[in-house]
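Me: Could you take a close look at one part of this protein for me, and then show how that part fits into the rest?

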Amino acid sequence: MQSDVISYFMRLIAIDSESLNERAMIDALKLDLLDLGAQVDEDECYKKTGGNAGNLYAYLPGTLDKDPILLCAHVDTVTPGKGIKARIEGNKIVTNGTTILGSDDKSGIAEIMIALNRIKESGIAHAPIEVLFTVSEEIGLLGAKCFDKSRIKSAFGYALDCHRVGELLTGAPSQKSFEIVIRGVEAHAGVEPEKGLNAIKIAAEAISAMPMGRIDFETTCNVGKIRGGESTNIVPSEVTIYAEARSHSTVKLQQLCSDIEHAFTSTVSRYEAQGAKLEFKCELEYDSINIPQDHPVVKLAQTALRNLDIPFTTGRGGGGSDANVISASGVPMIITGTGMNNVHTVHENIEIDQLFQGTDFIEEMIKLHSSTEL
Ligand SMILES: [Zn+2]
């Protein structure tokens, strides 16, 4: 396996791995992890996700009798992520402007793998290390959701999946998603509109009555997609509304969800006599993370960054990641920065220095975890 983080990162970038098509990446990483002396196992989550590869779980036995430490990154990318042509421009690795770069999350993978390689090459005594490379994170944390979390032996872990090295996210919101169907009555719009009941009009009223946007400093809500109607000359009989709500507070999220439901039930009930119907589906996507600042998972990361003279920030994020799913299973996990920039756009890039710093950070955390009880 390569020992240079830049060439290793470039090699990973050249392997296409859009969500549900992670086969080639999982195969490549499996070989490299075996090379490092890890016990490697791919699960069968593709049977549930419809993808072509499972999550990769690896256990690198330690030379010290200590608890393992868990390092996690996702192998899938968003689109357009096929045939990525990356090049080095000054201190940055950039694309040719037609695809994403895939530093989200291959920078995390490269930093983990090269740090493990350095630990192995140096021959120093270390604690066992668990590595989890998940699939289909970008399309709803699907891999992490179906991974058997009871396999994790570590007391805590790290998801390498945010921006600057030194950024530590110890909190993330919980999210619920909504699929709401409103049914009206179809009729010819020009000949006998009075026989119809316009589902789009009812939807508009209900959406106007619901909370929207930033609700408070830790709570948001959005209608992101609406689908319905066939033609301008038909009174539409059905419309589907897709929305989401997030909050760092479970109580506030619960309140927001019942406010949304109330907006729809009360609006639709006014048209019930004319034949309006409502189908309201609400699903929990993931739980929130709220890890105290004095938890060992935070302290270990902060000490490693301090030792390396890397400035750090500790805060809360606004998105969901594998860390939400793993933390909810009882293994506290924070999200750490890898250097990725402008992710989910064709302007995605990463600074070379960040890849080096990110690798140093992981290596230092493993060394610290192996040597001390924080
Ligand atoms: Zn990511």
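Predicted model: local features only at pLDDT ≥ 70, side-chain atom pairs only at ≥ 80, totals over all residues.

Reply: The buried residues of helix 6 (residues 199-209) are covered by, among others, strand 9 (174-183), strand 12 (219-228), strand 14 (238-247) and helix 7 (250-269).

Numbering starts from 1 along each chain as its sequence is written.

So which residues of helix 6 are buried? They are A199, I202, A203 and A206. Buried means 20 or more other C-beta atoms within 10 Å of a residue's own, exposed means 12 or fewer, and partly exposed is in between, with C-beta atoms placed from the backbone. These residues sit on the same side of helix 6 because they cover an arc of only 100 degrees around the axis; the arc is taken from the directions from the helix axis to the C-beta atoms.

A203 also turns up in a core of 20 residues, along with M210, I241 and V268, among others. A nonpolar core is a set of buried Ala, Val, Leu, Ile, Met, Phe, Trp, Tyr and Cys residues joined through C-beta atoms within 7 Å. That core lies apart from the largest one, which has 80 residues. Inside the largest core, L71, C72, A110, I112, V131, M333 and I334 have the most contacts. Helix 4 (residues 103-122) gives the most to it, with eight residues. Leaving out residues up to four places away in sequence, I112 touches L71, A73, V131, L160 and I362.

Now zoom out to the domains, whose bounds come from an automatic or database domain assignment. Domain 1 covers 5-172 + 288-371, and domain 2 covers 174-286. Their centres, taken over C-alpha atoms, are 38 Å apart. Ten residues from domain 1 and six residues from domain 2 make the contact. On the domain 1 side, helix 9 (residues 322-328) gives the most, with three residues.

As for the whole protein, there are ten helices and 20 strands, and buried residues make up 47% of its 374 residues. The C-alpha trace spans about 80 × 45 × 40 Å along its principal axes.

Note on methods
Helix = DSSP H or I, 4+ residues; strand = E, 2+ residues; numbered from the N terminus. Contact = placed C-beta atoms within 7 Å.
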